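Here are my notes on the model, as numbered points. Please read them with the structure open.

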Amino acid sequence: MSLAESAEERQSKTKRCKLDDESPLMKLPKIELHAHLNGSLSKETINILASMKPDSMDMIRNADDMLLIGENEQKTLEDCFMIFKLIHEVTDRPELIKFATKAVIKDFAKENTKYLELRSTPRSNDYMTMDQYVEAIVSAIRESSLDEPSIVVKFLVSIDRSKGVEMAKEITSLAIKYHKKHKDVVVGMDMSGNMRGSKARDFFDLLSEARAAGMKISIHAAEVHNDEETEDVLKFEPERIGHGTFIPPLKCQNPRLMVLLQEKRIPLEVCLTSNLKGGTVDSFEDHHLGVLISEELPFTICTDDKGVFSTSLTKEYEIAAKTFKLTVEQMWKISYDSIDHIFGEEELKSNLKKYWQHWKEDNPEEFK
Ligand SMILES: [Zn+2]
């Protein structure tokens, strides 16, 4: 996040997009492919997690004032780090990670998300190992398939590039190990984190190793201006790219990047509110989603950190529909086309497509 603008400037932009509580897009079946587990926790869940931790009550007492970025509110980068620090403290044991994962799945299921890919970077501390971290998430996903049968959930293991190549090696081995053990749940890898101090290409060998083991790859790229690195990522051809803000010509001085995107047709995971609140786009109207729609390039609408940014998948669909004047029919198509970009198995894709088609036939009133 660059957060270059003043808080007031961005606050006034966010206000323009205040949304109805009763959204018609709530009913629409949806796909979420870019959701960080910790950033997706709601304020309510964080408070419950804190209450489950007897030693953290002092820390949480003032958390209500600090937690989460409200709809009409802007926080500084330091505030964001504090929020994540607090979230990490309330999810520092396997049982808390498991509870958190189940709560996030439930929240997504409530707004008719039918397929969800959660991502997270395994971490260890005095209370858990990285293996236990991954096992807690996998076990929460398995148990949720019984408690919340309407939603299919998969897991992407994230490399945090700011932690360096050695740590990334350890995470990749862990990811491959759990992919082999739980092929139907641990389906891919993501690379995220502050790009300062490393190059994306430093991690390509590791990502290729995961790919050779059968995993799919998503890379956070072009969230900020860095043409050289963006070109490297496009040439690496991950199955998906997170953000891609600085690829289309609106933001980018290098037309080659757009040509590469058009040639390779790598789907972009679009996170409207995250980009606005992070200050990497000036307004929703200026968001690169407009270019992706007009150029008919593949994309999927996602939340990124819906808890931290006080958004939801339905809100993101609403913002896209209002900003780019899209009908429910067009939003259904965006959601339907996202099925092609999931990391889940082919049979699942065809089942989801059937579900979407039946939903459309059964709900003609939603398209009037
Ligand atoms: Zn992200």
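1. Start with the unit made by β5, helix α10 (residues 227-236) and β6, a right-handed β-α-β arrangement. Right-handed means that, with the strands pointing away from the viewer, the path from the first strand over the helix to the second runs clockwise. Helices (H or I, at least four residues) and strands (E, at least two) are DSSP runs, numbered from the N terminus.

2. Two conventions apply. This is a predicted model, in which local features need pLDDT of at least 70 and side-chain atom pairs count only at pLDDT 80 or more, while totals for chains, interfaces and linings use all residues. Residues are numbered from 1 along each chain as its sequence is written.

3. β5 and strand β6 (residues 240-243) pair in parallel through four bridges. Pairing requires at least two DSSP bridges between the strands. Ala-221 has His-243 of β6 as its bridge partner.

4. Strand β4 (residues 186-192) also runs parallel to β5, joined by four bridges. Asp-190 is bridged to Ser-218 in β5. From β4 the chain passes through helix α9 (residues 204-212) to β5, in a right-handed β-α-β crossover.

5. How many residues of β5 are buried? In this strand (residues 216-221), six of six are. Buried means 20 or more other C-beta atoms within 10 Å of the residue's own; exposed means 12 or fewer, partly exposed in between, with C-beta atoms placed from the backbone. Lys-216, Ser-218 and His-220 are buried on one side of β5. Ile-217, Ile-219 and Ala-221 are buried on the other.

6. Strand β2 (residues 113-120) is mostly covered too, with eight of its eight residues buried. Strand β1 (residues 30-36) runs parallel to β2, with five bridges. Lys-30 faces Thr-113 of β2. Six bridges join β2 to strand β3 (residues 152-160), again in parallel. There, Leu-116 is opposite Val-153 of β3. β2, α7 and β3 form a right-handed β-α-β unit.

7. Helices α6 (residues 94-110) and α7 (residues 130-147) pack at about 40°, with axes 8 Å apart. Axes are lines fitted to C-alpha atoms over the stretch in contact, and angles run from 0 to 180 degrees between N-to-C directions. That angle makes α6 oblique to α7.

8. In helix α2 (residues 43-51), Thr-45, Ile-46, Leu-49 and Ala-50 are buried. They lie on the same side of α2, because they cover an arc of only 140° around the axis. The arc is taken over directions from the helix axis to the C-beta atoms. Exposed Glu-44 and Ser-51 sit on the face of α2 turned away from its buried side.

Notes: Parallel < 35°, antiparallel > 145°, perpendicular 65-115°, else oblique.
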